[in-house]
Amino acid sequence: MNIDNIAFDQVANTLAKQFDSMYYVEVETGSFIEFFHSEMLSGLNLPEQGSDFFSFLSEQAKRTVHPDDLDYVLNLIDREKLLKKLEENNSSLIVFRFVLDGRIMHVCHFSILCDDKKHILGCIKNIESEFLEREEQENLLQSAERLARLDELTGIKNKNAFSEHIKEIDEVINSGDYDPVFGVIMCDINELKRINDTRGHSFGDEAIQRACRMICEVFEESSVYRVGGDEFAVILTGEDFSNRESLFELLKQKSAANGRFRTGPVVACGMAKYNPGVDRSFQEVYNRADGRMYANKNELKGSNINGEIRKREESNQMMPEDRMRKLDRLYGALHTVAGGGYIFLTDLKYNFSRWSLSAINDFGLPTDYMYNVEDIWKRYVHPEDVDKYVEAVEAVLEGTPVLYSITYRAKKADGTYITLKPRGFILNDSKGVPEYFGGIMLPQ
């Protein structure tokens, strides 16, 4: 064996590891020789040589190329087109799906024009593994990009996605091609900081999730974004935009019901729509909606029962007998189901309370019936715990959407302190205004 044959064998063996088939074609006559083919192609019974390469290639394509890719492949392996491309670029690469024994795989057909311009070196390679790896990488990249646009807590789109949508809308506005039709609703959860501070961040997270569900259920056809800790933005489109007034009112009603019955978060909201020829950017619409949301937030803060209760106290209204009997009946029911602890029940209309005898005996309270009991009981609370006790009472009077879960120390009649954990509830009147506040204080 001469040195040329050794070199040729080394080249052939190296290429055989990289490709599944390789052939050598004479351009002018179309005659060809196949150097080798892999086991993958052994079932095709490929000839070792032939006299019309381009006809052979076309017939093989009809046998093995996926039907959806066939026209594309036949067009690229047409003799005149392939030769023209090789003359221009010296090489040609075609990627397509290959069907063999019922299996679909991705392959590439690689052609090179030799230096003598009279021969073509053709190769076929199975790239299914590379294709799957690339596809997996693309899926991972797309997943990462999607995650970068999703809020982890709620699962809806986040501020990044919101900024991208704003940019798209501004591009349409600035182009002047047509006037976009959209509106913006801004929402903010009331008292979230107080909820986090007193009931913990897990309870605050639940409030955020429940507010998100409420907003998404109302605006089913629009994009909803969490743009801050307790802030949501809705970009109104389609039917939601057409029905924006009724849907906005529905959102306010649901929020108000949560506040009345303490069944969920209270959400302040504001709405604005894009005015063509007036608004120069999305930001102007956003600013109007945001300003109206904060105005609504202030309204909600002012619409509590605190002032009404204070006025009743100042009027020195005495507890009527029928209200006293009602208080006693409710207290009796509470005492029956309590099963222990110090029991109290307050008529918020008259700020009049009844307390259990165990509380009277253990703490030395003046009587079991008392006006303004929150001020009286404050004297028994440990000085270090007074602030959180007062804050919890004020929250009830202000109509906050959740009852505080606190633990504090109270001074017993013998001068010692006991740790108490109140469990409270609110009873509303027919208008949804808190009428009774009661609970049980459990020793810890």
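Q: Which residues is Val 381 in contact with, leaving aside its neighbours within four places in sequence?
A: They are Val 386, Tyr 389, Tyr 408, Arg 409 and Ala 410. Contact means that heavy atoms lie within 4.5 Å. This is a predicted model, in which local features need pLDDT of at least 70 and side-chain atom pairs count only at pLDDT 80 or more, while totals for chains, interfaces and linings use all residues. Residues are numbered from 1 along each chain as its sequence is written, and side-chain values use heavy atoms, with hydrogens and water left out.

Q: Why does Val 381 count as buried?
A: Buried means under 20% relative accessible area, exposed means over 50%, and partly exposed is in between (1.4 Å probe, protein chains only). Val 381 has 4% relative accessibility, so it counts as buried. By the same rule, buried residues make up 44% of the 444 residues in the protein.

Q: Where in the chain is Val 381, and what separation do its C-alpha atom and that of Tyr 408 have?
A: Val 381 lies in the loop between helix H15 (373-378) and helix H16 (386-397). Helices (H or I, at least four residues) and strands (E, at least two) are DSSP runs, numbered from the N terminus. Val 381 and Tyr 408 are 27 residues apart along the chain, and their C-alpha atoms are separated by 7.3 Å.

Q: What makes the buried residues of H3 line one face of the helix?
A: The buried residues in question are Asp 69, Leu 70 and Val 73. Seen down the axis of H3, they fall within an arc of 120 degrees, so they line one face. The arc is that of the directions from the helix axis to the C-beta atoms. These buried residues pack against H2 and E4. On the other side of H3, Asp 68 and Asp 71 are exposed.

Q: What makes a set of residues a nonpolar core?
A: The residues must be buried Ala, Val, Leu, Ile, Met, Phe, Trp, Tyr or Cys, joined through side-chain atoms within 4.5 Å. The largest such core here has 28 residues, and those with the most contacts inside it are Phe 53, Val 73, Phe 96, Phe 98 and Ile 120. At least two residues of this core come from each of strand E1 (21-26), helix H2 (53-64), helix H3 (67-76), helix H4 (79-89), strand E4 (91-100) and strand E5 (103-113). H2 gives the largest share, five residues. Apart from this core lies another, of 26 residues, among them Ile 360, Val 373, Phe 437 and Met 441.

Q: Why is one side of E8 and of E10 left without a neighbour in the sheet?
A: Four strands form an open sheet in the order E8-E9-E7-E10, with antiparallel pairing. Strand E8 (223-226) and strand E10 (267-273) stand at the edges with a single partner strand each, so one side of each has no neighbour in the sheet. The twist averages 15 degrees from one strand to the next; axes are lines fitted to C-alpha atoms, for helices over the stretch in contact, and angles run from 0 to 180 degrees between N-to-C directions.

Q: What makes strands E7 and E9 a pair?
A: Two strands pair if DSSP finds at least two bridges between them. Six bridges join E7 (residues 183-189) to E9 (residues 231-236), and the two run antiparallel. With six bridges against the required two, E7 and E9 count as a pair. Ile 185, for instance, has Val 234 in E9 as its bridge partner.
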